[in-house]
2 protein chains.
Amino acid sequence: MKKVGVAILGLGVVGGGTARILIDRKERIKEEYGVEANIVAVLDKFPERVTNLGLSLDILATSIDDICNNPTVDIVVECMGGLEPAKTFLTKALEAGKSIVTSNKEMFAKSWPDLEKAAQKTGAGLYYEATTGGGMPIIRTMTTAMQANNILEIKAIINGTTNYILTRMTEENADYATVLKDAQALGFAERNPVADVEGYDSSYKLSILSTLAFNKRVPADVIFREGITNITADDIKLGKEMGYIVKLLAIAKQINGKIEARVHPVFLPKSHPLASVSNSFNAVFVTGDAVGDIMTYGRGAGALPTGSAIVSDIIYCARQVEHARYSEIFTEITEDELIKNFESEYYVRLTVHDVPGVLADITNVLKKYNISISQIKQDKNNDIIPITFVTQKAHEFDMMNAVKDIEKLDNIIKVENVIRVEE
Amino acid sequence: MKKVGVAILGLGVVGGGTARILIDRKERIKEEYGVEANIVAVLDKFPERVTNLGLSLDILATSIDDICNNPTVDIVVECMGGLEPAKTFLTKALEAGKSIVTSNKEMFAKSWPDLEKAAQKTGAGLYYEATTGGGMPIIRTMTTAMQANNILEIKAIINGTTNYILTRMTEENADYATVLKDAQALGFAERNPVADVEGYDSSYKLSILSTLAFNKRVPADVIFREGITNITADDIKLGKEMGYIVKLLAIAKQINGKIEARVHPVFLPKSHPLASVSNSFNAVFVTGDAVGDIMTYGRGAGALPTGSAIVSDIIYCARQVEHARYSEIFTEITEDELIKNFESEYYVRLTVHDVPGVLADITNVLKKYNISISQIKQDKNNDIIPITFVTQKAHEFDMMNAVKDIEKLDNIIKVENVIRVEE
């Protein structure tokens with residue numbers, strides 16, 4: 001029997017869920033996994049959170065140093081959120097030789113190399129399954145089931161809020177603003193939704209996944225990022241007619257030793273396995289050169305799903321002989337290794353004056369940039385008409401330049417939206 | 001650096017793929033995982049398979065004893081298939097203290113307790129990720145990412161051949177016999193397809209998954225089993241109209257301490273994540289009481305996907321302090337703990353003579369068994385008409401009795417098919 005002492009920093013939703021699982025399933029975990037995990041310290045402002053769990057106030061620590069100096073603490077679980085003091089606390093824990101388990105994606109994405117450095121000194125371990133996709137086991141899949149693989153591609157739905165909003169917009173043919181308001185009322189979106197709807201949250205998680213996949217640090221701020229706020233009910237309706245579903249995807253690819261990483265709305269064919277990932281569920285589609293396509297799917301948030309991932313990290317950590325070391329993440333991706341001019345297909349929706357030659361003008365611009373069209377829809381009822389087309393594969397920079405040129409054409413009223421299309 | 005010596009029994013498709021990966025990615029695995037895995041012994045009738053891999057004939061063993069007595073062998077990988085001599089060879093290996101890695105589902109499902117007994121004696125490890133779902137990491141997901149969970153339910157597509165056949169029948173509106181013949185010609189189905197199309201293969205894999213999930217041995221022969229040979233193009237077409245996709249599912253549930261386990265064709269709503277698992281892909285949907293729904297998806301067969309799973313087992317095994325012990329699997333599920341009279345919804349397709357009262361007769365039978373109808377379709381063009389209905393949740397035994405009674409009614413020509421419907 002392996003006995004481990006656990007300290008929990010922050011007994012909020014996720015920390016509380018973690019404690020609940022550790023307490024309720026203690027015997028089961030002992031029996032099945034040979035690990036006895038005891039909560040021996042807690043750092044939280046509210047003592048009643050400790051007593052509400054049926055734990056003794058004796059374990060309430062007064063500071064992080066208290067915890068670092070406590071020889072009964074083996075693993076420090078951080079569920080505080082925010083950059084600081086989380087980073088400082090975890091650095092101190094690692095320096096004191098305590099392994100850490102965290103669900104804090106922004107902090108971890110931004111501080112992984114610093115935390116890894118601290119861990120290297122003492123041999124302590126870093127566990128972060130809960131940072132990416134809540135209860136969905138993507139980190140364990142990549143580190144314990146795909147070791148033989150060179151990872152070629154990641155396509156992921158890793159933000160539950162935006163997936164919930166886009167699912168409801170799709171099902172109800174409703175506008176972004178209406179659904180956002182409702183999602184906020186129901187607690188599926190924050191009062192300030194920027195981190196989610198502008199794709200920041202997805203970019204932190206993609207930073208973690210692509211760093212792990214490509215053995216080179218891909219910081220969040222080099223990731224191309226576009227949010228979902230411009231998606232309209234019209235786009236969703238037109239997409240449906242063409243067989244597409246809209247999703248906010250996090251995409252990373254390794255192409256000839258270079259890497260592209262981007263977060264933006266995507267039209268996916270309805271038959272794609274990611275297309276049926278609805279509401280607040282998350283899913284990651286990974287392509288390895290030996291295993292081919294693998295997908296994991298699960299609840300991206302919530303006290304028990306995230307708590308389940310944290311407890312699985314605690315048990316996994318307790319059973320390791322030696323913790324994994326990632327010295328590769330100290331090498332940051334260079335400008336040269338980053339593909340900014342990536343390739344995609346594009347859906348473009350315009351409103352134009354219905355005069356002869358307008359379509360010829362548009363196709364001439366596309367021809368100039370060597371872009372071919374794969375399908376086109378044009379309404380014929382009014383003076384002002386919508387034109388929607390989908391291109392074949394094109395380069396991002398060419399497409400953006402073509403769109404600028406199209407905007408300047410006579411008789412073009414507006415380029416309403418451009419949405420990338422993935423297969 | 002952990003150095004392990006690997007012996008491979010059988011250098012066919014899967015064994016050859018495994019060897020290829022171990023050789024080609026040796027340096028990468030050393031660097032990233034700190035494991036140096038060397039192929040130090042091979043058992044195979046064809047020496048050219050050894051030389052074709054660029055390996056020396058010195059490693060060709062003459063017998064399993066040769067391998068068991070070889071002190072440089074740490075892990076024995078079995079890719080021979082078949083019950084014997086695979087089981088005897090692996091038992092000898094375990095008794096000699098060698099950990100084993102296998103992709104042989106039928107042998108493993110039938111022999112797990114015996115192999116586990118042999119392993120308990122010496123402390124060697126059993127690894128079997130490749131038995132279930134090829135490259136799809138379902139065993140690792142259940143053992144390293146859901147430890148905190150009580151598993152409530154498993155729904156799985158774990159046979160690539162039948163999923164390929166049903167996908168093509170669905171896409172082409174083709175009959176079973178036509179698609180089977182083509183699948184055989186293309187190598188997606190065996191010349192003797194019984195093990196796949198009658199659900200035996202799925203039942204072996206479900207035996208492994210449910211034993212792991214419920215901590216009690218669920219042998220393959222207690223699993224309810226029905227194959228796909230009765231599915232017709234008509235059923236698929238009618239299902240589509242009602243929003244369903246047909247899949248061969250392996251289902252296991254834990255309900256109030258009792259267990260049900262069954263393999264049969266199922267109509268799933270198109271929006272279910274398993275509905276978009278097409279062709280030879282596999283997927284497992286698991287529900288844990290903390291994490292909620294998790295799904296893994298991947299290629300269920302093939303040299304490199306299965307080889308990738310085997311190599312991941314080798315690396316994972318090499319990094320363990322202590323191998324997992326499953327003494328629970330020595331307790332077999334009892335008759336009392338097995339739910340045979342499970343609940344489901346049912347799709348029933350009949351042909352009847354179009355005379356007044358025929359529908360009343362049918363609904364009276366259903367009423368007798370307390371079964372409610374949720375939708376009904378009836379054609380009105382001919383003397384002989386099809387009637388199709390879907391029930392609300394009912395018990396299996398009631399439904400089967402109701403079908404028998406319906407068959408005996410006047411004016412019923414035939415009960416064409418009964419397909420269970422899952423949400």
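42 residues of chain A are in contact with 42 residues of chain B. This is a predicted model: local features need pLDDT of at least 70, side-chain atom pairs count only at pLDDT 80 or more, and totals for chains, interfaces and linings use all residues. Residues are numbered from 1 along each chain as its sequence is written, while chains are lettered from A and ligands numbered from 1 in the order in which they are written.

Reader: What makes two residues count as in contact?
Author: Their C-beta atoms, placed from the backbone, lie within 7 Å.

Reader: What makes β11(A) and β11 of chain B a pair?
Author: Two strands pair if DSSP finds at least two bridges between them. Here there are five bridges, in the antiparallel sense. They therefore meet the cut-off. In β11(B), B:Met295 is the bridge partner of A:Tyr297.

Reader: Why is B:Leu304 called buried?
Author: A residue is buried if 20 or more other C-beta atoms lie within 10 Å of its own, exposed if 12 or fewer, and partly exposed in between; C-beta atoms are placed from the backbone. B:Leu304 has 24 such neighbours, so it counts as buried. B:Leu304 is found in helix α13 (residues 303-318) of chain B. Leaving out residues up to four places away in sequence, B:Leu304 touches A:Ala290, A:Val291 and B:Gly17.

Reader: How do you know that α11 of chain B is close to its expected span?
Author: The expected span is 1.5 Å times one less than the number of residues. α11 (residues 200-214) has 15 residues, and 21 Å is expected. The helix reaches 21 Å from first C-alpha to last. Its cover is also clear: 14 of the 15 residues of α11(B) are buried. B:Asn215 follows α11(B), with a positive phi near 55 degrees.

Reader: Why are β2 and β5 of chain A called edge strands?
Author: The open sheet has five strands in the order β2-β1-β3-β4-β5 (chain A), with parallel pairing. β2 (35-43) and β5 (126-127) each pair on one side only.

Reader: How many bridges join β3 and β4 of chain A?
Author: Four, in the parallel sense, between β3 (residues 75-78) and β4 (residues 99-102). A:Val77 has A:Val101 as its bridge partner in β4(A).

Conventions: Helices (H or I, at least four residues) and strands (E, at least two) are DSSP runs, numbered from the N terminus.
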